[in-house]
Amino acid sequence: MKQHLAGKLICPSCLPQEHVLQVDIRSVEAEDVVDGTLTCRHCDRCFPIKDGIAFLDPAPPDERLANRYEQEEVLSSYLWSHYGDLLGDEQATDAYQQWAGLMVPHTGMALDLGGAVGRFTFEMSCKCDLAVGIDKSLAFIQAARRFMQEGELRFTLKDEGLLGHEVIIRRPAHWQPERVEFIVADAQRLPFPAHTITSLASLNLVDKLPKPSTHLEEINRVAATSGSQLLLSDPFSWSTEAAEIDQWLGGKANGPYAGKGLDNIETILRHGGLTPGWQVTQRAHVWWKIRTHSNHYELIRSCFLKAAR
Ligand SMILES: C[S@@+](CC[C@H](N)C(=O)[O-])C[C@H]1O[C@@H](n2cnc3c(N)ncnc32)[C@H](O)[C@@H]1O
């Protein structure tokens, strides 16, 4: 983890109280903390930094999530989804460039929440001082960090059944790896102090969370009170695998948050008690694709809103 990020973190266990973390470094290589701990002097909780990865998720690993997002096949699917264009694959989409094109360049920090293997974080490295990708999946964060450090990544793309072939992606020269970091953390308990983040992205995440409204409250807490921007995009595939129905922010005929997710999130941002309120400046959709094997792709209509305050 980049050493200068340590001073920007707080204890995610103590939220809503905000307590700084003390960094103890056992091994550092060129400003990168390879081995160490981040300790909260208030609750005494220790968050390890191992092989350069900071573990700031206070919850024990979620078995359901671990089963899905730690699997090698799923990792390969997401690497293709994020970087398929770098392979010159004609099936690849330009979804991440479209999303990044919506973001205004700025000073300060950007967070890519549930950022998986890092494409949007790399895109944001050209638009801000520091872009941090946050994800619960260790396998995803390891791959993103390796790409950040080594500039290339090999992985196996599944062809059919047990058949696959190795591919290699190379990081484009205009991305700024020195302005990128990836950490393991929970998008519902962000390890950042209030009002310190200039831009936030939540792409294809909100329907995967057990507490989507807590995620919005956390976005609101860390976002700067003025001059900040938010991009939220999602297919709104609500499911009881991710969250109880009473937690969904849409996809229901009755009760709180009846109707469509994007409409309800717009209402929450504008008038839902999040202060200062947000202005929604744009709504549209991006076609996003995930590859399972050479003859099987999932085409996803990810509906987004762009908001600012
Ligand atoms: C559907 S994927 C979307 C990934 C990426 N944002 C994109 O659009 O390509 C959902 C991601 O959210 C991550 N995730 C799920 N729950 C999370 C949580 N509570 N905090 C952080 N990341 C989470 C998963 O590991 C996965 O990488």
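Predicted model: local features only at pLDDT ≥ 70, side-chain atom pairs only at ≥ 80, totals over all residues.

Guide: Residues are numbered from 1 along each chain as its sequence is written.

Visitor: How far apart do the C-alpha centres of domain 1 and domain 2 lie?

Guide: The bounds come from an automatic or database domain assignment, which gives domain 1 as 1-56 and domain 2 as 63-308. Taking the C-alpha centres of the two domains, the separation is 23 Å.

Visitor: How many residues of domain 2 are in contact with domain 1?

Guide: Contact here asks for C-beta atoms, placed from the backbone, within 7 Å. Domain 1 puts in 14 residues, and the number from domain 2 is 15.

Visitor: Which residue is the bridge partner of W288 in strand 13?

Guide: Strands are DSSP runs of E, at least two residues, numbered from the N terminus, and two of them pair if DSSP finds at least two bridges between them. Strand 12 (residues 279-293) pairs with strand 13 in the antiparallel sense over 13 bridges, and the two form a hairpin with 2 residues between them. Across that pairing, the partner of W288 is I300.

Visitor: And which residue of strand 13 stands opposite L232?

Guide: Strand 11 (residues 229-234) also pairs with strand 13 (residues 296-308), antiparallel over 6 bridges. Opposite L232 you'll find L305.

Note on methods:
Helix = DSSP H or I, 4+ residues; strand = E, 2+ residues; numbered from the N terminus. Contact = placed C-beta atoms within 7 Å.
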